[in-house]
Amino acid sequence: MSTLPGPGLALEPGPLPELKDVYWRHRVDPGSLRRDGRVWTLSTVGQVVPFLAFAVFLGVAAPITIPLAVILLVHAWMVPALYAARGANVVRPKRRDSAPAAEQRALGMLADLLDREAYALYMRTGLALEPGALGVWLIGESGALLLAPGGRRVHCYCVAVRDPGLPVADRVAHLLLALRCDENGFATVANRAFVGAPWRLRLVSRARPALDVAVARARALAVSG
């Protein structure tokens, strides 16, 4: 999991200092996002097609092999489903025992960073909605989702703050500030866990309300752009 510095380090607009830790990565831009999405799709298809082809072959070859063909079809479904589950895990809430007073203070800071609608969505789902140049983001305490313009593809990133003792809202606020300082750098530093259609993520994610809102925003972004 990629990490960003704790709140003791002031975040100023400009390239994130963590970029030096991933110097081998090309800086993310809209073109690289589209290429990475296509590569991910081709890779998944390359893993699924052999299962499908062999299942069809067995089903046609002899009726006795149909049970085996069904097992292969299940495997073909499970490959992208497991990837999607990994993507959903980046925004799954963690079990923490933060002091109520500290969490309330952190919520107050986060409320100052979000508009009323985004804050209400955060209180419902634990995800902060943030439109950006690359698309529409949903920021959680240990990960982020990026809905590309058009809402047809979601990029799931695993990224967290280094200080594990922070209240949840503080962690979200710090990731949000890092995103605002350097959106492209944020996407470069974070580790990609899944790329695919949002409906795949909805099957396994508890963050469906936030995902639905982000998809709608991403579609509107494509229309206005």
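**Helix packing**

Author: Helix 3 and helix 5 cross in a left-handed sense. This is a predicted model. Helix 3 covers residues 100–113, and helix 5 covers residues 168–181. Their axes lie 7 Å apart, at an angle of about 25°. Angles under 35 degrees count as roughly parallel, so helix 3 and helix 5 are roughly parallel to each other.

Now the residues that meet. Helix 3 brings Glu-103, Ala-106, Leu-107, Met-109, Leu-110 and Leu-113. Helix 5 brings Val-168, Ala-169, Asp-170, Val-172, Ala-173, Leu-176, Leu-177 and Arg-180. By type, the residues of this contact divide into eleven nonpolar, no polar and three charged.

Take Glu-103 from that list. Glu-103 sits in helix 3. Its relative accessibility is 16%. The cut-off for buried is under 20%, so Glu-103 counts as buried. Where does the side chain of Glu-103 reach? It comes to 3.0 Å from the backbone nitrogen of Ala-169.

Helix 1 spans residues 30–61, and helix 2 spans residues 66–89. The two pack at an angle of about 165°, with axes 6 Å apart. That angle makes helix 1 roughly antiparallel to helix 2, because angles over 145 degrees count that way. The crossing of helix 1 with helix 2 is left-handed.

The helix 1 side of the contact includes Trp-40, Thr-44, Gln-47, Phe-51, Leu-58 and Gly-59. On helix 2, the partners include Ile-66, Ala-69, His-75, Pro-80, Tyr-83 and Arg-86. The residues of the helix 1 and helix 2 contact divide into 16 nonpolar, four polar and one charged.

Is Gly-59 buried, exposed or partly exposed? Its relative accessible area is 31%. Buried means under 20% and exposed means over 50%, so Gly-59 is partly exposed. Leaving aside neighbours within four places in sequence, Gly-59 is in contact with Thr-65, Ile-66 and Ala-69. Of these, Ile-66 and Ala-69 are listed on the helix 2 side. Gly-59 and Val-70 are eleven residues apart in sequence. In space they are 8.6 Å apart, C-alpha to C-alpha.

Set side by side, helix 3 and helix 5 run roughly parallel, whereas helix 1 and helix 2 run roughly antiparallel.

Key
Residues are numbered from 1 along each chain as its sequence is written. This is a predicted model: local features need pLDDT of at least 70, side-chain atom pairs count only at pLDDT 80 or more; totals for chains, interfaces and linings use all residues. Side-chain values use heavy atoms; hydrogens and water are left out. Axes are lines fitted to C-alpha atoms, for helices over the stretch in contact, and angles run from 0 to 180 degrees between N-to-C directions. Helices (H or I, at least four residues) and strands (E, at least two) are DSSP runs, numbered from the N terminus. Angles under 35 degrees count as roughly parallel, over 145 as roughly antiparallel, 65 to 115 as roughly perpendicular and the rest as oblique. A crossing is left-handed if the near helix is turned anticlockwise from the far one by less than a right angle, and right-handed if clockwise. Contact means heavy atoms within 4.5 Å. Ala, Val, Leu, Ile, Met, Phe, Trp, Tyr, Cys and Pro count as nonpolar, Asp, Glu, Lys and Arg as charged, and the others, Gly among them, as polar. Buried means under 20% relative accessible area, exposed over 50%, partly exposed in between (1.4 Å probe, protein chains only). A polar contact is a pair of N or O atoms within 3.5 Å; within protein, one must be able to donate a hydrogen and the other to accept it, and residues adjacent in sequence count only if both atoms are side-chain atoms.
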